[in-house]
Amino acid sequence: MKRLLFILPVVGFLVLLGVFFAGLGRDPRALPSVFIGKPLPAFATAPLRPGDTGLANTDFQKGEPVLLNVFASWCGPCRVEHPVLMRLRQEGVVIHGLDWKEDAAAGQRWLAERGDPYVRAGNDPTGRTGIEFGVAGVPETFVIDKQGRVRYRHVGALTPEDWDSKIGPLMEQLRKES
Amino acid sequence: MRRLLILTATLALLAGPAAAVNPDEELKDPALEARAHQLSKTLRCVVCQNQSIDDSDAALARDLRIILRERIDAGDTDQQAVDYIVARYGSFVQLDPPMRFDTLALWFGPLAVLALGGIGAFVYMRGRSPAAAGALTPDEEADVAAMLKSDEAR
């Protein structure tokens, strides 16, 4: 009993130490979305590309998993992830884009200069559409399954490592789901 | 010069922390504005996570302040207005977290630790309580008597 009393606090302390240590590597901005497992809320935006159809929540229930990438030309990390998105598009991954908090003209210039990785692209000049599904900043990338439900939210630039370790395997798994 | 110093010091002391709310965001109705202002102090800014949206200068905090005021202006109760934002950003944005199953550890964790410590301390103290004193031997009785006597003699 005496021994136990001595060991318990030590064990408790070590456990706490482990929890804190594990917490060091976590990004405090990477909050889980409240929409995990739920469909995107209803929304419809103006088109980003002139003469296009824009982006709506109904674009996500087409029977294949897609990425929803929220971006802006004024955003630094978006420059980092843009080549990754271009590569994924070439590999056949369906990516829809939402141009957040800027005029369509700025977003169009961005796509013209750097290439356009998006199948569908909407423009959200006020940011209200992004706020509807909890966007806190750009870039953010949502993984949407075949039924149009949000399965994962990635905050910050999408790096090749993120794709290889987490998002790529998840998309593969979602493709196999019925 | 001295007066100027005193004036500067007085003004500096009077200065409160400035809220980030811009005049163009405020509602016309002072009662509604007061409610919105109180509510915005209880909502966390998701960009700068340790500030409320009332304090934060982040663009998203401004958007959320405006949305909150739109809801209030449209006749939402305080609860409805907060729920509207929580439905989009999760209960993480509530600086005053509600008591729910998944927040039990947050609310009662410290109490549990205190109780554990109390139990530990109690068990430890009881283990240490001194053995009951036995009767004195005749030699000791004699020593005590001698000491008491020497004290009286003084």
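Analyst: We may begin with one pair in this predicted model. The side chains of D52(A) and R49(A) meet in a salt bridge, with N and O 3.0 Å apart.

User: Are D52(A) and R49(A) buried or exposed?

Analyst: One compares the relative accessible area with set limits: under 20% is buried, over 50% is exposed, and partly exposed lies in between. R49(A) has a value of 17% and is therefore buried. D52(A), at 28%, is partly exposed.

User: Where do R175(A) and E172(A) lie in relation to each other?

Analyst: These two residues are three apart in helix α5 of chain A, residues 160-176, so about one helical turn separates them. R175(A) forms a salt bridge with E172(A), and the closest N and O atoms are 3.2 Å apart. Both ends are partly exposed: the relative accessible area is 38% for R175(A) and 37% for E172(A).

User: Which residues are linked in a network of salt bridges, and how many salt bridges does the structure hold over all chains?

Analyst: The network links D145(A), R149(A), R151(A) and E177(A). Over all chains, the structure holds 19 salt bridges.

User: How should I read the backbone angles, and what is the phi of K101(A)?

Analyst: The general idea is that most residues other than glycine have a negative phi, and most peptide bonds are trans. K101(A) has a positive phi of about 55 degrees, although it is not a glycine. This residue lies in the loop between β3 (95-100) and α3 (104-114) of chain A.

User: Which residues does a cis peptide bond join?

Analyst: V138(A) and P139(A) are joined by a cis peptide bond, with omega at about -5 degrees. P139(A) is placed in the loop between α4 (128-132) and β5 (140-144) of chain A.

User: With which residue does the side chain of K101(A) meet in a salt bridge?

Analyst: Its partner is D63(B), at 2.2 Å from N to O. This pair crosses between chains, running from the loop between β3 and α3 of chain A to helix α3 of chain B. Both K101(A) and D63(B) are buried.

User: How many residues does each chain bring to the contact, and what area is buried between chain B and chain A?

Analyst: An interface may be described by its residues, its area and its pairings. Here chain B brings 19 residues and chain A brings 17. The area buried between the chains is about 1,400 Å², and carbon and sulfur atoms give 59% of that area.

User: How many salt bridges does the rule find across the interface of chain B and chain A?

Analyst: The rule finds three. In one salt bridge between the chains, the side chains of E70(B) and R128(A) meet at 2.9 Å, N to O. Five residue pairs are in polar contact between chain B and chain A, with both residues at pLDDT 80 or more.

User: Which helices of chain B each supply at least two residues of the side that touches chain A?

Analyst: They are α3 (59-73), α4 (78-89) and α5 (104-128). α3(B) gives the most, with seven residues. By class, this side of chain B has 13 nonpolar, three polar and three charged residues.

User: Finally, into which domains is chain B divided?

Analyst: Chain B is divided into domain 1, residues 14-97, and domain 2, residues 99-129. Taken over C-alpha atoms, the centres of these two domains are 36 Å apart.

Definitions and conventions
Residues are numbered from 1 along each chain as its sequence is written. Chains are lettered from A and ligands numbered from 1 in the order in which they are written. This is a predicted model: local features need pLDDT of at least 70, side-chain atom pairs count only at pLDDT 80 or more; totals for chains, interfaces and linings use all residues. Side-chain values use heavy atoms; hydrogens and water are left out. Contact means heavy atoms within 4.5 Å. Buried area is the accessible area (1.4 Å probe) that two parts lose on being put together, summed over both. A salt bridge is a side-chain nitrogen of Lys or Arg within 4 Å of a carboxyl oxygen of Asp or Glu. A polar contact is a pair of N or O atoms within 3.5 Å; within protein, one must be able to donate a hydrogen and the other to accept it, and residues adjacent in sequence count only if both atoms are side-chain atoms. Helices (H or I, at least four residues) and strands (E, at least two) are DSSP runs, numbered from the N terminus. Ala, Val, Leu, Ile, Met, Phe, Trp, Tyr, Cys and Pro count as nonpolar, Asp, Glu, Lys and Arg as charged, and the others, Gly among them, as polar. Domain bounds come from an automatic or database domain assignment. Buried means under 20% relative accessible area, exposed over 50%, partly exposed in between (1.4 Å probe, protein chains only).
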